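Let's take a friendly walk through the side-chain contacts of this protein. Have the sequence and the model open side by side as you read.

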Amino acid sequence: MAPGKKGILERLDAGEVVIGDGGFVFALEKRGYVKAGPWTPEAAAEHPEAVRQLHREFLRAGANVMQTFTFYASDDKLENRGNKLTFTGAQINEAACDLAREVANEGDALVAGGVCQTPSYLSCKSETDVKAILKKQLDVFVKKNVDFLIAEYFEHVEEAVWAVEVLKKTGKPIAACMCIGPEGDMHGVSPAECAVRLVKAGAQIVGINCHFDPMTCVKAVKMMKEGVEKAGLKAHYMVQPLAYHTPDCSCQGFIDLPEFPFGLEPRILSRWDMHKYAREAYNAGIHFIGGCCGFEPYHIRAVAEELAPERGFLPAASEKHGNWGAGLEMHTKPWVRARARRDYWENLKPASGRPQCPSMSVPDGWGVTKGDDALMQQKEATSEDQLKKLFDRSKN
């Protein structure tokens with residue numbers, strides 16, 4: 001950490017608002033640097049200029065945390081289902097750490113090294129095997145001296161606890177996030193109980209990321225907070241949700257939606273939705289507020305603008321953005337100038353422009369989780385026979 005910078009716990013202990021960044025895998029997939037399906041982060045080594053630029057855009061938008069682009073960078077995931085890479089997991093993780101540090105040093109931002117759930121856990125590998133995979137990533141984060149660690153995107157609290165236990169050995173601050181909603185993890189463990197287990201395992205910050213929209217995630221974090229307080233424990237809280245509306249999702253979240261992952265655009269939250277999210281999260285006592293899949297820099301800017309009174313400043317990107325549309329006062333058309341006001345954008349109900357588009361979808365309810373044959377991971381590419389079985393099953 002650069003001299004003079006306060007650490008993550010120091011900031012949260014002081015009551016400061018910490019703003020995270022957004023969803024790198026989805027953003028870079030749209031830009032042509034990540035392949036949907038594997039969702040692996042080799043772009044950190046293959047196209048560092050793309051990753052660096054996205055970091056800079058989130059920093060300019062107001063983010064205090066540059067999370068390393070290491071999502072799904074464990075060796076078992078990098079080798080999954082025929083994924084062919086020219087870089088090792090260690091090379092990808094090291095490149096990601098260097099890029100995050102370079103940009104963090106351009107502002108008052110911290111570097112967070114991140115690990116997430118593993119294919120090995122879904123394939124019922126042992127605790128020892130799973131921890132060894134996580135430890136391999138952790139060794140890079142220690143070598144690169146990241147400022148704190150994030151264990152995120154865990155569907156099962158058991159694996160999340162294992163991750164925290166591995167990360168705890170570094171002595172660095174730990175944030176732990178489940179990708180669950182109010183219904184709990186994939187085995188029905190409630191958000192409250194998940195949070196208690198994570199805090200007892202050693203996490204100082206607990207929360208929710210991904211799988212659900214902002215208000216659903218905030219609701220789940222509120223449940224976590226209630227559980228931790230009821231257990232007589234202490235923690236800080238964070239939330240990094242999707243930038244998609246998910247009112248029709250069940251416990252599996254947006255992965256069950258028929259639009260996942262290539263038809264989600266009609267569900268994207270507007271910048272004004274993000275103002276509401278930021279205020280709701282802050283009022284709930286959550287002070288580490290960021291985003292995950294679908295979050296672009298303008299979404300993070302909206303969070304930073306909403307919380308500018310609490311933070312005491314606007315982000316640099318607000319130089320090109322009038323408060324509540326004030327920049328529209330300069331527009332040539334009078335009816336557009338008439339939209340340069342807060343009440344217009346706060347009360348707008350955006351149309352989809354799709355005459356036959358339903359307001360909600362029917363999620364795929366396969367109901368599979370750890371141990372199911374369909375989730376057994378493999379290094380070989382998915383065969384035609386395996387795909388046919390899935391196609392046939394989806395028809396039913």
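Predicted model: local features only at pLDDT ≥ 70, side-chain atom pairs only at ≥ 80, totals over all residues.

Residues are numbered from 1 along each chain as its sequence is written, and side-chain values use heavy atoms, with hydrogens and water left out.

**Aromatic pairs**

Rings of Phe, Tyr and Trp (its six-membered ring) are paired here if their centres lie within 6.5 Å; planes under 30 degrees apart count as stacked, over 60 as edge-to-face and the rest as tilted. By this rule the count comes to 18 aromatic pairs. In one of them, the ring centres of Y72 and Y153 are 6.1 Å apart and the planes stand at 80 degrees, so the pair is edge-to-face. Y72 belongs to the loop between β2 (65-67) and α5 (75-78) and Y153 to strand β4 (residues 148-154), so the pair ties together parts that are 81 residues apart in sequence. Helices (H or I, at least four residues) and strands (E, at least two) are DSSP runs, numbered from the N terminus. Both Y72 and Y153 are buried, where buried means under 20% relative accessible area, exposed over 50% and partly exposed in between (1.4 Å probe, protein chains only).

Y121 and W162 also form an edge-to-face pair, with 5.5 Å from centre to centre and 75 degrees between the planes. This pair links distant parts of the chain, with Y121 in helix α7 (residues 119-122) and W162 in helix α9 (residues 157-167), 41 residues apart. Y121 and W162 are both buried. Elsewhere, ring pairs join F26, W39, Y244, F254 and F260 into a cluster.

**Around helix α9**

How many of the 11 residues of α9 are buried? The number is 9, so α9 is largely enclosed by the rest of the structure. Among the buried ones are V157, E159 and W162. Their cover, judged by contact (heavy atoms within 4.5 Å), includes β3 (110-116), α7, α8 (127-143), β4, β5 (174-178) and α10 (191-201).

**Salt bridges**

A salt bridge is a side-chain nitrogen of Lys or Arg within 4 Å of a carboxyl oxygen of Asp or Glu. The whole structure holds 24 salt bridges, including these:

| Salt bridge | N to O distance |
|---|---|
| E102 and R52 | 3.1 Å |
| D147 and R101 | 3.1 Å |
| R267 and D248 | 2.7 Å |

E102 sits in helix α6 (residues 89-104) and R52 in helix α4 (residues 48-61), 50 residues apart. E102 is partly exposed at 32% relative accessible area, and R52 is partly exposed at 22%. A network of salt bridges links R52, R56, E102 and E106.

D147 lies in the loop between α8 and β4 and R101 in helix α6, so their pair ties together parts that are 46 residues apart in sequence.
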